[in-house]
Amino acid sequence: MEGLKSQVNDFLTKCAELKNCKFIMAPTKIKDLLKSVVNSRALYDLFTSVSTDFDYAGAKSRCLIEKNDGYGLRGKLVLPESSRERLAFIFCLLVEIDRDSINFNWFLQKYFSDDGSYYGSYLAFCERVIDPLERIIRGVFANDLDDECRSSAHAADKSSATLQTRAKPVVLSSNAAQTLSVINLLIAQEKQFILESAIPADDKETGYKMLTQIFNCLKERAFEVANSLVCGYNYYILYNNTISSNVQILFENIRAYEEMA
């Protein structure tokens, strides 16, 4: 099983590289991800199995939704419900992007344009497409992966090999949930402030990613990591002299949320 473990870990590494790269490098990283499938018999058989007889054209009509928001047609991607169809759809979509059947920049702006920036669109693409792909593969090959690759899942018994592939839902109090919603709004405003600043593009992307990770850690109650990121972001805005009028309110709400959650 060591060969299979190595192949699956390589695939997961390619997912991480795709999520962490600059969006301009995404087509190359998608190609690398698909190559890791071809290089693994188990992964190749899995994706072939779910894709055989899968109605991709029909799925696209259901999953790629368009609506008029008053300014023009905007798109939204909604993945299929079942893991099998979700895996097939994502795989076919990545193949289509790799073949240039879809213009990737257009696709990002059409279906993932949360704030109008390529940075935001690409991060949204990774969260809504690559993260689900990674979770499904981790679940399918859970028993073949190293323990550190399964750190987000919890064993029912430490001596048991049974893996819970879905974390228990976190139930927040109404006040905590409301504060988290406020934080989400403040982070969106902070992202926009950074993107509209005069700092270099690479620095903008760094700040954007830090803000995204802060919110993700808060949602998961990973407060120690969130605090480290907040400290890093505080240094980042001081160094770049990009201090918004709302950043102190953001920090105060984060502290309040940690006390409530």
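**Exercise 1.** In this predicted model, which residue just after α5 takes a positive phi? State where it lies and whether it is buried or exposed.

*Solution.* 
Step 1. Just after α5, Asp100 has a positive phi of about 65°.
Step 2. Asp100 is not a glycine, yet its phi is positive.
Step 3. Asp100 belongs to the loop between α5 and α6 (104-111).
Step 4. Exposed means over 50% relative accessible area. Asp100 has 65%, so it is exposed.

**Exercise 2.** Check the span of helix α10 (residues 223-240) against 1.5 Å a residue.

*Solution.* 
Step 1. Helix α10 has 18 residues, which should span 26 Å.
Step 2. The end C-alpha atoms of α10 are 25 Å apart, which agrees.

**Exercise 3.** Which residues of α10 are buried, and which exposed residues does the face turned away from them carry?

*Solution.* 
Step 1. The buried residues are Phe223, Ala226, Val230, Tyr233, Tyr236, Ile237 and Asn240.
Step 2. Down the axis of α10, these buried residues fall within an arc of 125°, so they line one face of the helix.
Step 3. The face turned away from the buried side carries Glu224, Cys231, Tyr235, Leu238 and Tyr239, which are exposed.
Step 4. After α10 comes Asn241, with a positive phi near 55°.

Terms used
Residues numbered from 1 in each chain as written. Predicted model: local features only at pLDDT ≥ 70, side-chain atom pairs only at ≥ 80, totals over all residues. Heavy atoms only, no water. Helix = DSSP H or I, 4+ residues; strand = E, 2+ residues; numbered from the N terminus. Expected span 1.5 Å × (residues − 1). Buried < 20%, exposed > 50% of the residue type's maximum accessible area, 1.4 Å probe, protein only. Arc of directions from axis to C-beta.
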